[in-house]
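Let's walk through this one together, with a few questions and answers to guide your eye.

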Amino acid sequence: MKVALVTGGTGGIGRALCRELAQDGFAVVVHYNSDATQADGLVQELNARGAEAFAVTGDVASETEVEAMFAEIIRRFSRIDVVVNNAGITRDALVLRMKLADWQRVIDVNLTGAFLVSRAAAKAMIKQRSGKIINIASVVGLCGNAGQANYASSKAGLVGLTKSLAKELASRGVTCNAVAPGFIETSMTAVLPEDVRNELLKSIPLRRSGTPEDVAAAVGFLAGPKADYITGQVLSVDGGMNI
Ligand SMILES: NC(=O)c1ccc[n+]([C@@H]2O[C@H](COP(=O)([O-])OP(=O)(O)OC[C@H]3O[C@@H](n4cnc5c(N)ncnc54)[C@H](OP(=O)(O)O)[C@@H]3O)[C@@H](O)[C@H]2O)c1
């Protein structure tokens, strides 16, 4: 059985990713950071649907915690086929007011976290001579966004990481792609004030916000055999925001 890890698997988009990959026949490793109850609930839900699933925890920005997490996954399954680097945070402020700590933490979780997880996954995938790494970037990593210099830089960095990993790992049968969501309804965007939401909606050619399932469908495609010949690409799932 093929095994997929979703970091931040208990978040708004992460849950949809776990459900999609379970439905596609993967054993799903649900990674969570702080909410064990949510993770256990999701594992039970996936098990009830007949999928193999289990939860692991750790701060993706911590090298030792990521290494321990992979040791646990490999001990249990002896392989890892798909990794989705989905864990992410925002600490928004205009550059002039942005604290160094808020810049640093966002880069640490969103970009360094994906590097650490991908490095650990790549070791196993290279031995298997197969694997797929999928990074959840963002439309703002492609366009920039006032008030999100830290977040946009971390997501732009993910695009560079994606393309570099694609080049380094291709000869070993491992692909790496990114999905760049636009405005997706989750707790991350629920905090936006009404006027900001309305302005955002006006900037979306398809005239609606996206759902976690819209993102999951793209990830499911990139994780499956139909995407075997695709690597180093960024697939926007944003209703046309980035056109
Ligand atoms: N929502 C959008 O409109 C949108 C648009 C573009 C891109 N994205 C990206 O999509 C991904 C998922 O976003 P979301 O909207 O689903 O956000 P969310 O609901 O806030 O979920 C974020 C997840 O990341 C985990 N996480 C946070 N810090 C972590 C850390 N240090 N180590 C490990 N895990 C950590 C959280 O775990 P805990 O809750 O346990 O801390 C949570 O499961 C993010 O990378 C985000 O940047 C979202």
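Q: Which residues in helix 9 do residues in helix 1 meet?
A: Bear in mind that this is a predicted model. From helix 1, the contact draws on Gly12, Ile13, Ala16, Leu17, Glu20 and Leu21. Their partners in helix 9 are Pro212, Glu213, Val215, Ala216, Ala217, Val219, Gly220 and Ala223.

Q: How many nonpolar residues are in the contact of helix 1 with helix 9?
A: Sorting this contact by class gives two charged and two polar residues. The nonpolar ones number ten.

Q: Are helix 1 and helix 9 roughly parallel or oblique to each other?
A: Their axes come within 8 Å and cross at roughly 45°. Angles under 35 degrees would count as roughly parallel. Helix 1 and helix 9 are therefore oblique.

Q: And helix 1 and helix 2: roughly parallel or oblique?
A: Helix 1 (residues 12–23) packs with helix 2 (residues 36–48) at about 25°, their axes being 11 Å apart. Since the cut-off is under 35 degrees, the pair is therefore roughly parallel.

Q: How many charged residues does the contact of helix 1 with helix 2 have?
A: Arg15, Cys18, Arg19 and Ala22 in helix 1 meet Gln38, Leu42, Glu45 and Leu46 in helix 2. By class, four are nonpolar and one is polar. The charged residues number three.

Q: Where does a polar side-chain atom of tyrosine 151 lie relative to an oxygen atom of the ligand?
A: Tyr151 is among the residues that come nearest to the ligand, along with Ile13, Ser34, Asn86 and Thr186. Its polar side-chain atom lies from a ligand oxygen at 2.5 Å.

Definitions and conventions: Residues are numbered from 1 along each chain as its sequence is written. This is a predicted model: local features need pLDDT of at least 70, side-chain atom pairs count only at pLDDT 80 or more; totals for chains, interfaces and linings use all residues. Side-chain values use heavy atoms; hydrogens and water are left out. Axes are lines fitted to C-alpha atoms, for helices over the stretch in contact, and angles run from 0 to 180 degrees between N-to-C directions. Helices (H or I, at least four residues) and strands (E, at least two) are DSSP runs, numbered from the N terminus. Angles under 35 degrees count as roughly parallel, over 145 as roughly antiparallel, 65 to 115 as roughly perpendicular and the rest as oblique. Contact means heavy atoms within 4.5 Å. Ala, Val, Leu, Ile, Met, Phe, Trp, Tyr, Cys and Pro count as nonpolar, Asp, Glu, Lys and Arg as charged, and the others, Gly among them, as polar. A residue is near a molecule or strand if one of its heavy atoms lies within 4 Å of it. A polar contact is a pair of N or O atoms within 3.5 Å; within protein, one must be able to donate a hydrogen and the other to accept it, and residues adjacent in sequence count only if both atoms are side-chain atoms.
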